[in-house]
Structure formats: structure tokens, C-alpha cells
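Me: I have a structure open here and I'm new to it. Could you walk me through what stands out?

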2 protein chains.
Amino acid sequence: MVLSATNEDVSLHAVEDTAAVVLPDPLTVEGVPFRRSNAGKFSGGLAAASHSDMFKHPDLNHKPLSKRWDHRLSAESKSRQATQLKELAKYLSKPGMLSLGGGLPSSEYFPFEEIDVKVPALDVGNHEEITMQIGKHDVREGKSAYDLSIALNYGQGSGSAQMIRWVVEHTEIVHNPPYRDWGCTLTPGSTCATEHLYRMFLEKGDYVISEEFTFATAVETSGPLGCRFIGVRMDDEGMIPSALDELLTTWDPISRGARKPFLVYTVPSGQNPSGATMGLERRKEFYKIAQKHDLIILEDEPYYFLQMQPYVGSDHPSPPAPKTHKEFLDSLVPSLLSMDVDGRIVRLDSFSKVLSPGSRTGWITASAQLIERFTRHNEVSVQHPSGISQIILHRLLDETWGHGGYLDWLIHLRMSYTERRNVLMKACEEHLPKEIASWTPPAAGMFHWIKLEAEKHPMFGKKSVKEIEDEILETAVQEGVLVVPGSYFKSEARKPLEARELYVRANFASAEFEQMTEATRRLGVALRKSFGLKE
Amino acid sequence: MVLSATNEDVSLHAVEDTAAVVLPDPLTVEGVPFRRSNAGKFSGGLAAASHSDMFKHPDLNHKPLSKRWDHRLSAESKSRQATQLKELAKYLSKPGMLSLGGGLPSSEYFPFEEIDVKVPALDVGNHEEITMQIGKHDVREGKSAYDLSIALNYGQGSGSAQMIRWVVEHTEIVHNPPYRDWGCTLTPGSTCATEHLYRMFLEKGDYVISEEFTFATAVETSGPLGCRFIGVRMDDEGMIPSALDELLTTWDPISRGARKPFLVYTVPSGQNPSGATMGLERRKEFYKIAQKHDLIILEDEPYYFLQMQPYVGSDHPSPPAPKTHKEFLDSLVPSLLSMDVDGRIVRLDSFSKVLSPGSRTGWITASAQLIERFTRHNEVSVQHPSGISQIILHRLLDETWGHGGYLDWLIHLRMSYTERRNVLMKACEEHLPKEIASWTPPAAGMFHWIKLEAEKHPMFGKKSVKEIEDEILETAVQEGVLVVPGSYFKSEARKPLEARELYVRANFASAEFEQMTEATRRLGVALRKSFGLKE
């Protein structure tokens, strides 16, 4: 089903006249046209202001309001003010007003008349392609809700109204946040969003809590702000809630030299580097600890839709793909956002792993209070993601594929990544020495995390664990295979690597199948050499 | 002339064999193919590292090195480190190496197979269009130096090697910086670059120096960092160097509550809001003061190429357009960068006003030391501008138009903006009351700055100047015209508006000609009403 701008023409009256008809659930793909018709005329002109509430489920009154987070905001964030020039916008609605007030150039001088993009047709498996035509004046010509004359000009700090509508609908279909005043704002990728969020919550000297191994860039971003990471013990479901509780319960500001931390950075699904995915119960426990200590959680979820089919061994075929959108959505571990009654989750979504990193487009979902602060920051820094990226994504996700087609694409990715993971698992089972290497098959993401038994290394006790890790990397390189040493991801890089912390990370997202198998064979050879095992 | 990737095939040997032939000046459009052939094979693969020196004039040894700026860097900027993961890249060059090390997804899963863009053909006046075809594997297929498989994936913090090559060449053709170790790095627009630069140089409590009226967003960006703007008296050529000198010479850190400022934010051409353009002598004087007080200058130049033909009165036709690239380049006021022997200028360029704001792509030019710090910041925040924007710009600027075609486009814009300005000047001369309104016809940019005689307002002395300004705005709105009150741009908004500071700003970049004239007529009516003048 293609959801085009013409869906808006379905009139509310037509619906009222047929009250006997069962209306589609507004929180499903099928409910989107109904939601849109209820929302009234869409306004997405030049630099059009928008607000998530314009596109959310119309009746959220049964849900609680978010808590207030004033006590968690940094001085920098609290001091942000809306730009004074925006005050003038109120005059523009006066009939007949002529403006010499703006600062926008004319689209007449943008030398891009039309952008056509070849994309897979809805039935992804068929390898059929269709061409999306994006013109300069598609809105005026009634062809679309968005065109180049709008996308190529300046826009709002929240991103375009068109894309905000889409991400709000998508977020509600997938997560249905259980509080009322949530919202979304676009970001030029989650790395940038993370930096903005640090500046929004942290003061110099603060700690950020994360898994003991974590995304290196998240740590590196915090350093120049005068902040440090502190790691919480993890298992194959990620951060251990009781360990988090203990860290916070026993926090002594004086000996730690810092106030009790309240900001957690976590990747709950297909964590980088460990590949760990928090199960539902783990997530519930984790959220309870977050409530107990009044934490703000940055739920960074680039790999959420790279959740794969259950791993059933290398000799068994994977279970069949989900047959319906509901079956697919039900197969996903519920997000932290979906259980967030307080509005303490800031969820980071990104198109990087599911459509293209080069789009530099993602969004965050959080309480309206936090979204407002974040958007103020956008206005005086990145402004908004590339309008060219935004309009291509919108044309694809909204007007070509629609919400349903996008879920079909995600199912296609799920099956592709499942196949990739299975190839790597089979290779690991065949080629790695089980005496010293062990792993949990990843349920999501792009990474496989292989634990090595430092104690079984011939140099254990004579060399430091870091030196043993260096030696393993060198041996692997000599054998012609590159993997990433686990120490690169230590959230507290200042502490020495412990024996229980000897890991390597392998990526199964990009190599050809045969190369992946050969690389794993070489890794097996290298590990046997390094650990002095027989071939 | 279209400069395509095939220019690289011109071999250096062929050039050596014909030593008698006069070689084109490498600093001209015609010299680019020669520069490229001298530079050797271009390497622009997946996330390829690049450095401006790879693309600069090969022989810069006669130029001095930049001064060091360690004493000007903030603690935040000094603490930035290169990401550890990049260390692994050295292993990838080993022959036969297979990598499971990366974190990049496969382009197989990017659902964008081809992007075609309709753009004006080189002969802009002809209204002819050509279609640029951008494929996923154009590099492999020998069609281009850049393709979607590269642009849609992650790239380097400096931006793509392809775009860095182009901006370095362009910068050298236009500005030819007089020191040796300059470089460029891409930005997602100059607003974002400004924020990064503040964080690079400023500590909390610092002042930024600017014109007394300045771009409101530049001021608003500094506030949350705990910094303030201080304005320097200006005339119709912008900031007055002697006033800048006096401010700094008499700076008393104790009474000011801040160290002596060293960071200047200025828009030397077509300044926003005043439309003022510093002439060559003014620029030289200004640079001398910058040297005297060891200043760092942020030369924000969004309107540099919106320098117009000389204004010769509304009854005279504009002088004819420049006939050659040389004539065009010679017609531009030399940039501060072009006289920067010390490396103290950080120049901000942007495609927003000359190609499209929605591309969210620009670049900065500065000393290699500063470029390196800036790029480190990019890596842990915005990463790089949208790859989709980058590849469309590259295909247009490098492989379709080439450097010469881009200059032709800029000449086209120059003539278009000249016409627009002239329409507004004629309307102002006809409709505004000269008893109380005066102006200098702008030589560059998008803005016209109209001075009003506060002392001649009937309420002068009874109401504050700000109240008089409010009243003028209200009267204009009642007459159906919107202009922006000058106080919105005061760099020191905390100080009361003085009588000499009563201005309104009009934009001539976007309204239709007839609307611009009618809006000006209404403004004339409003001003007469407000000042109690006869119709």
C-alpha cells in the first residue's frame, strides 16, 4: 500500500457517516490514513513550523504526563532561548501581508530542478525498481506534500513537518509510548544527537554510566566536555541491573570526586561491541532501577531493526520470515521507550544502519520538555539534517513505500542479516578453537563478540592482559585477518584490562560470505598460534 | 569546459615531454587539470582519508608557515583526541588482508540505486537542462571519481576526499592564501561551524567582538556557552578599525570582568543586517589591528559571491556582466583570507546562498593546526555533511560544471541579485520619505539597511527609542508590510537602543519584483504616518 499525500483528502465526515464500519486501529499501519484525515489539513510549506502533537494519536488523555526534568538540565541547556526573529512569524498570517522581513533566498536560484531516485519497489524480493520523481514545485502542482522548493531552503530546527509527521507515526506504531507528552525532533545522526544530549544534561566533571564495554565514539565524545564514563558489569543480555543499582546506591561523591551520576548511555539491542540484547525482563528490571535512582536513559538504538531470527544452530534452517507486520513487530523486543511511564527515556533512532549512514538523518523521541530544549540547540548549531536527505527519505518512506512498505524492507533486512550472522556462526563453530574461544550468537546488530580465555594464554602472568591482546592482534594481522581488540571499547579506558576482559569483535555486516568464512579460518589459525594450541 | 575524473588520466610524463609548451597557471581554472595530473592517482574510496595538502599547489615553499595558536585554543579543544579505532586502518593496506574489523554496513543494503539530478547546463542563460546520473558503482565502472556506494556510507570527519579536493582548488583559485600550511574541512553549514569554532576558542565568560549590529544567530549561539558579544562601531564599510583598536587598547579585564577578547566574528561582504561591505583598504587596516592585538578572525562569508555590479542610480543600466573568469574574480573585493600571512583568519564558506541552504554543506579554511582540531570535533558530533548532499554537489561542481562553470553560475547570480537590488533601490527612492530615511545602496548580499531619524519622530524624548521602533513596526504591519527592526540585530541586546541606532532591514532576495515595489510603497506610507509627515 502506498500512502500518498492524497490520503489526506479522505474526509472526516465520510467516516462519521459510516459509524457502523469498524475503524482501523490508529496505532497500526492501516490506521495511518484515518489518523491523517482526523488531523485536518497538513501544512508543510516553506520553513513550516510543526509540533509532534499535530501528528500523534488524537486521544492520549488516559496516559500520564511526563515528569519534569528541570533538575537534570545543564546550565547551558537551561539558558537556551528561542530566536527573537521567530517572533515576527506571527505577523505573516495577516491576510495580504507582504514581507521584506525574511532571510531566505529564493528557490529560483537553486540549480536543482528535479531529483529522480531509483529504489526497490515494494515487493523487495522481486528486485524490481521504481523511480521516485521529486520536482521543485510538486506541492503547488498537487503531486506531493513536499518538494524541492521547500526542502532545498532553510527549515525548522525540528526538521521538516513532513518528516516529523512520518517519524511520529512510525514511533507510535512501533513503540506507543505510555505517557502523553512525548515528541520527536530530527537529528543529523545519533553521534551528533549524543553530543547535544551530553551538553543538555552534563556539567564538567560528571560521569556517564554505560556498559563496561561500549561504543567508543560515545566515550570519546564525552571527554572534551570534561566528563568520564563509568562502566557497569554486563552479561550476554547487556548491563546487569543489580550492578547498576549497587554502583548508584554506594556512590560516594567525595571519594568519587563527582556528584552521583544520573545519565546512562546504553545500546539495548545488538550492543556495540558485545552484540548483547536485553530481553524483556531485563529491560523491566533496568527501568525499575532507573526509576529508583531517577536516571535519564539515552536509549541508542541503531540496531533495533537488525534484530534477527532466533539462532537454531548452523545445521538448521532459520525459522520462516514474519508473515505480517503485526507478527514482525511482535517479534521485536519491546523498547525501553515502550515502557517509559515517566518520560525518562531519550530514544535515539537512526537511518544509518537500515537505509544509509550517508543520509545523516535520524531522530530522537523524548518528553516534550526535553525535545524543546534539544530543538533550541539544533537552531543555533546544525539547524536540521540536509533537506536533500530529508526529501529523499520522505518520498521513499511516506509516499512510495508507506509505513507498511518500510516494515517490509525491515523484514527483508532482518532475513539478510540473519543469513549473514548464520554464515559467521557456522565459520566460528568450524574454525575457532573452543578451548579458548566462546561466544553467544548475537540476536541483533552487526557484531559478534568472542571471549578469549586469557588464563590459558602461555604468557598469562608474565605479560599484562593488554600485552596479550596486542600479541593476538599482531598474530591475526600476520595471518591476514583484522578484528578489533576488545580493549578499544572499554568504557573506562584508564583502568587496566582484566583477565575476564579479553575479547575480539568481528563484524558480519559487510564482508562477502566466502571472505567472512576465510577470515574466520585465519582467525582460528592465529588464535591457535597465539595460545600455543595444535592445528 | 567539463572537468571530469578523466582529467586525471593526463599523465605527468606527457607534460614533461613538452617542456617548451607554456603551462597554465595552476591557480586558474585552466590550471586544474594540470594540478590534478601532478598530484598523482586520486584515492577516494570508502571512507578514504584525505588531506588538503594532497590537492594544494605543489610548490608553496616560498610562503611562510602559519603562526601557532595553542594559546588561543580552549581546554575543550585541546583535549580532543583522534579516535583509537582509526589506528587499525594502517593494517588494511597489507596485501590480502581480510577485515572483520570495520563498523560499516554494506552498500548492498542501501535502497538507493541511482540518483539523477536535472541541473542547468553550463550556458546558464540558455535555460537548457542536463541530467546528472549518479550510480551506486560509478567508480568501479570508471564513470566518476565518486559514487553512491561511497557517498551513502560513513565518511571522514573532514568530508569526502572528492569534495575536499574541489573546495581546496576553488579556495586557491579565488583566494590563494599567502601562507603555506592552510587547509579546508567540510561543515554542515556555517551556523554549525560557528558553534564549533566558539567551542574551539572560547572559555565561559569570554567576549566575542563583532560589528555593533550583527547576525542574530551568531549572538544567540554564544549565549548558552556563557559568552557575550561586544559590538564595535561601524559605518557603511562595516566595522571601524580604529574603534576596534581603541576597544582593545583600553580593555580593562577587572572592570570588564573578562580577559581581553581575541575572537572577532565578522561578515565583511554584504553584512547581515547592514549590507555593509568592507573595501580593500578597510580590510587591510582591519587585518593590521588583528595583528597588533593577536586576534583570531571568523570571516563568515555567505554573501561573498553575492557581490553585485556597482550601483549607478535607478535611471542607468547596470554595467555589463564580467566577460571572463579573471574579470569576474578581479571584480570581487579581496578576502581577508587572501591577505592572511599569519593564519589568523578562519574563513567560513557556505553553499546556502549560492546553491541551496538545504544542502547543509559548507567548509572552513584555516591553518592546518586549526583545521585538525575542528575535524576532531566533527568526528564526535556531526561526522560530516550528508553524503547525498556531498555527491550531488560534487557531481555538479566538479564533473558537470567544473570550476569554470561554477564561476559562470556565480556571474549569473551576480547579475540576478544586481537586478533585484536595483528594483528595491528604485522603489525606495520613489516611495520612502527622505526627510527621515537614508541608506547606502548595498554592494553585496541580500539586505538593505534603512536608517531612520529617531530625533525627528514626534514621540522622541517622550518614549524610548525601542518604543518608537516598536511603534514603527506596528504601523508597518497595519499597512501590510513586514520589515525587521534593527534592534533584533544589536550585538549587545542588553544595552538600550540609542537614537543613532534606529534602523529597519529589508530583504531583496526573494520577493517578486512587483511585490517588492508595493511593499516599499506601503513602508513609505507607514513611515510617513509614524513620523507625522505629509503623504
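This is a predicted model: local features need pLDDT of at least 70, side-chain atom pairs count only at pLDDT 80 or more; totals for chains, interfaces and linings use all residues.

Me: OK, how many residues of chain A are in contact with chain B?
Reply: Counting contact as heavy atoms within 4.5 Å, 106 residues of chain A are in contact with 106 residues of chain B. The area buried between the two chains is about 8900 Å², and carbon and sulfur atoms give 61% of that; buried area here is the accessible area (1.4 Å probe) that two parts lose on being put together, summed over both.

Me: Which residues in chain A lose the most area to chain B?
Reply: Those are A:Leu100, A:Tyr109 and A:Leu482, which together make up 10% of what that side buries.

Me: And how many salt bridges are there across the interface?
Reply: The rule finds six across the interface of chain A and chain B, where a salt bridge is a side-chain nitrogen of Lys or Arg within 4 Å of a carboxyl oxygen of Asp or Glu. One of them joins B:Lys118 to A:Glu114, with the closest N and O atoms 3.2 Å apart.

Me: Which element of chain A gives the most to that side?
Reply: That is strand S2 (residues 114-120) of chain A, which gives seven residues to the side touching chain B.

Me: Switching topic, what does UniProt say about chain A?
Reply: An unreviewed UniProt entry carries the annotation "domain: Aminotransferase class I/classII large" for residues 185-523 of chain A; positions are given in the numbering used here, feature names are shortened, and annotations may be inferred rather than shown by experiment. Over residues 185-523, chain A is 39% helix and 16% strand, and the end C-alpha atoms are 43 Å apart.

Me: What about the open sheet of four strands, what order do they have?
Reply: In chain A the order is S13-S14-S17-S16, with antiparallel pairing. Strands S13 (437-438) and S16 (484-485) of chain A stand at the edges with a single partner strand each, so one side of each is left without a neighbour in the sheet. S16 of chain A pairs with S17 (residues 503-507) of chain A over two bridges, and A:Val484 has A:Arg505 as its bridge partner in S17.

Me: Last one, where is the cis peptide bond in chain A?
Reply: The peptide bond from A:Asn272 to A:Pro273 is cis, with omega near 15 degrees, and A:Pro273 is found in the loop between strand S9 (263-266) and helix H11 (280-292) of chain A. In chain B, a cis peptide bond joins B:Asn272 and B:Pro273, with omega about 15 degrees.

Note on methods:
Residues are numbered from 1 along each chain as its sequence is written. Chains are lettered from A and ligands numbered from 1 in the order in which they are written. Side-chain values use heavy atoms; hydrogens and water are left out. Two strands pair if DSSP finds at least two bridges between them.
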